[in-house]
Amino acid sequence: MNKLRKYISIFLSVILLITGMGINGAFFNTYAAEEKVLYTATVNVDDALNVRAGPGMTYKVLGTLKPGATVNIYSEKIYSEKTDDWWYKIGYGTGYGYVSADYLKNIKPVLEYDYDADFETNLTKQGFPESYKVKLRELHANHPNWVFTADHLSMTWADAVKNESTVGKSLIQNVNSTPDSYKSMMKDAYNWDKGYYIAYDSGNWVTCEPDLVAYYMEPRNFLNENYIYMFLDQSYNPSLQNKEGLQKILNGTFMEGEFPEDTYETWADVIMEAAKQSGVSPYVLAASIIIEQGTQGTGGSIKGTIKGFEGIYNFFNVRAYASGGYDAVTYGLMYAAGEGSLGRPWNTRAKSIIGGAAHYANGYVKRGQDTLYYKKFNVITPTYYINQYMTNVQGAYLETGKLKNAYSTVSSDAALTFAIPVFKSMPEVNSTKLPTEKGANNYYLLSLKVDGKSVNNFDKYVNSYEMIVPNSTKEITVAATVQSTATVSGAGKISLKEGKNTITLTVTAASKKTAKYTISVFREEGSGDSGGGDTGPIIPDPTVTGKYTISTYVSGIKVGTTVSDFIKNFGVKDGTAKVFGTNGKEKTSGVIATGDQIAIYDNKGVQRLKYSIIIFGDTNGDGKISIVDLARVQKHLLEVTTLKGNQSTAADANRDGKLSILDLARVQKHLLELTEIKQ
């Protein structure tokens, strides 16, 4: 077997010489332009996967990949004789790198994609993230003339989701078929006193949970044959859109047959005319009407029989939203009945369709909101997050299916153009998904008490509180209540050490989502006043503004950090800090290690806070992660010795709250330089 591997290695060395590597394994930074993607795969690690300059652990680390990241593989498995393992060559940055084959999963061959160097160059030139490219290649294989453009947006992904998730901005209909997990219970979205979701549009449309908004905003969820049309240019193009395709949308709806007015023979005829006059795709116009008025045309805006507005129609529900004490239908008909531009008053169906199409063109398509995606989520024009055609969070998604059906009449060779959003700080991995649980998002505390007294300024929508108690208070009792279908953990009797104590309460909603509330309790040093504690918020002096993670201990410290750098990065204001070793003496040099402590003093030299320090993986307190630490974890698991206190915390390398074989594997991978232990 070893001889076979040797021969394979020699053969691959010759191949690698051709593709950009020397016989000695030296890695060049130039590559043949014709290299093809052979497979796609997903990174399968807990923390990070090292990308190296060559196929083996002796090569330089170029960087890391996050868990779940999608990679393109440019080689078959490459055998490393030195380490007796296998590697893959992958695309990394603007070049290539190598990763261990053991840490990739979902490896799928790219069989249908005939490598297109021009297409690849264009994707890279436009700045499409790698996770977009994987899906766009599949579409290109079946539609080689389709054009994909990257719209690089000015806002971050997180900011976009936050703004589109504000109350009343993105809605879902509150009907029996809609699970409560889709609905938000944030401030002004839910009436906690009377127990109902607050409607923001007629028909009982309520505010969405942010997770649902994120799912429908995430472009990578829709880069496939069924939903790519969400990003299609909406302009009228007679070479791509025709009456036959339009009729496919109208079949089975109230607009399938003859038009009820003398001006046009069929509904398709009037919509085609509206497209020609407005410059908007007839397919988009038809899909919009169906979404607004229902498949059977049951919307009140097109009945023509509403009292006070007889003979008035508003097919696109222009300005149909509740305002000034009027419901949405009435307010929209008031606009349709008014004198003005766009052929108003819309006192015929034809006028309403043609005039409404012109309104849509002027208000959206010609302003840059020229795809179904931008029609719903305005992240493209300077008036961000407003001037959105619909509040239904699923609006673009629902209309897309109708467009796909219509475009089935168009040749797959047609040069359709798709504008695809790319946000700043886009997550490397698409983690959005539709909620699977049906329960409510009631991850809120209804009350919070300390020693029977309500915390001052308690607000269910505020998740952190601070309080100070005298030194004589060695224990407090925390009590919290939630809705009946939610649960809360972390309350009860809490022992206090001198200095800062962080109490965390976790609320688990019926939807299985969680939220954390924290109470920072500062117990004064020495013999303080024995009176009752103040449960109001305070700002202790001194303050810490550094980059490390502080809970019951300090973590997030890079292995090898010196004492001086640690104190500097700790960021103490209005005070000073000192590090003490496990022997209790002040530590002024060397590196930070598990078991060290940092004490914080105010400007008068009085110690106010003290924390233990944890370096995950450093179980023996020498500030390094070595074979000694691996042995200590192993002995603990074999019950030969027992790790306690800070050592036990440091041994929990995967931070799941328990010591197991997974932690042993994590330390081993770190020593082999396959992954790094996250601090």
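1. In what follows, Ala, Val, Leu, Ile, Met, Phe, Trp, Tyr, Cys and Pro count as nonpolar, Asp, Glu, Lys and Arg as charged, and the others, Gly among them, as polar. The structure is a predicted model, in which local features need pLDDT of at least 70 and side-chain atom pairs count only at pLDDT 80 or more, while totals for chains, interfaces and linings use all residues. Residues are numbered from 1 along each chain as its sequence is written, and side-chain values use heavy atoms, with hydrogens and water left out.

2. The largest pocket has a volume of about 1000 Å³; a pocket is an open set of points on a 1 Å grid over the protein atoms alone, with protein on both sides within 12 Å along at least five of seven lines, and its lining residues have an atom within 4 Å of a point. Of the 37 residues that line the largest pocket, Asp201, Glu292, Ala320, Tyr389 and Thr391 are the closest to its centre. By class, this lining has 17 nonpolar, 15 polar and five charged residues.

3. Which elements each supply at least two residues of that lining? They are strand S10 (171–173), strand S13 (199–201), helix H8 (282–293), helix H9 (328–337) and H10, where helices (H or I, at least four residues) and strands (E, at least two) are DSSP runs numbered from the N terminus. H8 gives the most, with three residues.

4. Helix H7 (residues 267–278) and helix H10 (residues 349–363) have axes that come within 9 Å and cross at roughly 35°; the axes are lines fitted to C-alpha atoms over the stretch in contact, and angles run from 0 to 180 degrees between N-to-C directions.

5. A search of the whole structure finds 41 aromatic pairs, meaning rings of Phe, Tyr and Trp (its six-membered ring) with centres within 6.5 Å, where planes under 30 degrees apart count as stacked, over 60 as edge-to-face and the rest as tilted. Tyr229 and Phe418 form an edge-to-face pair, 6.2 Å centre to centre with 75° between the planes. Tyr229 lies in the loop between helix H5 (210–217) and helix H6 (243–250) and Phe418 in strand S15 (residues 417–424), so this pair ties together parts that are 189 residues apart in sequence.

Notes:
On a 1 Å grid over the protein atoms alone, a cavity is a set of points where a 1.4 Å probe fits but cannot get out, and a pocket is an open set with protein on both sides within 12 Å along at least five of seven lines; lining residues have an atom within 4 Å of a point. Grid points are joined across faces, edges and corners, and a volume is the space filled by probe spheres set on the points.
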